[in-house]
Amino acid sequence: MSYKRKIINSIREMNIDLLDVILDNDKAYMEVSKDLFIKTLSKEFDVLKKQGISKFEEVFKGSCNKCFKGCDGYTFLTKNNDYLDLLFKEENNEIVDIFRCSDIKNEENLIKKNCIYFRFKKDESKNYNPLSHIVSLQKQVEVAVEKFEKFENKITDIEDFVCWFKENKKLHNSVKDLHWDYNFVWSFLSIYVTIENFDELVRNHISAKKALAEFDNSNEKSIVDWLIKYEKSNLRFSSGYEKTKNWEKTNLILFKNGETFFETGGVIKLFNNVLVDIKECKESIEFSDLFSKHYWEFEKKYAPTEELFELYGDFEIELSEYLSARGLYSDILKKYNIKPKEKITTANTV
């Protein structure tokens, strides 16, 4: 059996151990080390195996129709029509690279549904040679993360905590769009977007205190009125933290950066022991808890029916839209200048 056929068969059988043995340790695949390539492919296979797919049912020959036009490739197709398109670059009858293809033309007409997608960052490349401004930004990011690490294993006042956020606003603006291409920004960005929630707790403390004083649960209408009034509040659903046991007495919460950074594909350092004293803005969390409790309760109660979807089309996940579509509490909606939801017109559906 040829070297190329061995590689194809090991991928088809999702046999990562065999593929690891076959591939050359000294070569780069998709411009990264063999180990990283294997590790990434293994993760994709593990996802499929959890779905009951242990191998690719068919392998179909093809060729690149775009970036490497004419380069030989193969489509690995599962029983569920998940597909992995790979190109095999050969020189002197030797495979020198394997890489994912975004536009492969097969010899047969295939039904392809879910692309098995993965990519690598520039700073994962074996030949990574960044421009000077990238080097500078990476150093700044490393310094910022190191400074944040000093918050671990101790209690920090939220005001001091938010100072880190304010000090790094300019840096964030410089690197926020680099997450697609560079791994080095991920931990920093996950910290920053999480602390942004803490900044909201501080900045909106007075309004949260006022809202709590206004809350009236004597009847449904008074609660709905309160919910609609604060429906656009920046604190309505706060996140990025975990309340400690007896937090009402201790005023301590735990920073959780893994819960607010939803982007995937990068490496994030999780912080599990950063304690924050929120005594000065405790009401912000109390408001968020109270608001979300009642908001989800009424959203569930007045969620759109199939008939309402047919009449109005899509809905934002907002209680005010649900109430408007049902013709409920129109006086409250009018009070807060909320326009009635419009029904679908013939022109909308064309």
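**Reading a sheet, its helices and a pocket**

User: Which strands does helix α7 lie across, and at what angle does it run to β11?

Analyst: Helix α7 (residues 186–203) lies across β10, β11 and β12. Its direction makes about 155 degrees with β11, on a scale that runs from 0 to 180 degrees between N-to-C directions. Keep in mind that this is a predicted model.

User: OK, now the sheet itself. What is the strand order?

Analyst: Read across the open sheet and you get β9-β12-β11-β10, four strands with mixed pairing. The edges are β9 and β10 (241–243), each pairing on one side only. From one strand to the next, the twist averages 35 degrees.

User: Where does helix α5 pack?

Analyst: On the sheet too: α5 (residues 158–167) touches β9, β11 and β12, and its direction is at about 80 degrees to that of β9.

User: How do I see the mixed pairing? Which way do the neighbours of β12 run, parallel or antiparallel?

Analyst: Go pair by pair. β9 (residues 154–157) runs parallel to β12 (residues 274–277), with four bridges; Lys154, for one, is partnered with Val274, and Ile155 stands opposite Leu275. β11 (residues 252–255) is antiparallel to β12 and joined to it by three bridges, with Ile253 partnered to Val276.

User: And pockets? How big is the largest pocket?

Analyst: The idea is that a water-sized probe rolled over the atoms shows where empty space is left. Here the largest pocket has a volume of about 780 Å³. It is lined by 31 residues, and the closest to its centre are Met30, Glu31, Phe68, Phe99 and Arg100. β5 (82–91) and β6 (94–100) are the elements that give two or more lining residues, with the largest share, four, from β6.

User: What classes of residue make up that lining?

Analyst: The lining of the largest pocket has 16 nonpolar, 11 charged and four polar residues.

Conventions: Residues are numbered from 1 along each chain as its sequence is written. This is a predicted model: local features need pLDDT of at least 70, side-chain atom pairs count only at pLDDT 80 or more; totals for chains, interfaces and linings use all residues. Side-chain values use heavy atoms; hydrogens and water are left out. Two strands pair if DSSP finds at least two bridges between them. On a 1 Å grid over the protein atoms alone, a cavity is a set of points where a 1.4 Å probe fits but cannot get out, and a pocket is an open set with protein on both sides within 12 Å along at least five of seven lines; lining residues have an atom within 4 Å of a point. Grid points are joined across faces, edges and corners, and a volume is the space filled by probe spheres set on the points. Ala, Val, Leu, Ile, Met, Phe, Trp, Tyr, Cys and Pro count as nonpolar, Asp, Glu, Lys and Arg as charged, and the others, Gly among them, as polar. Contact means heavy atoms within 4.5 Å.
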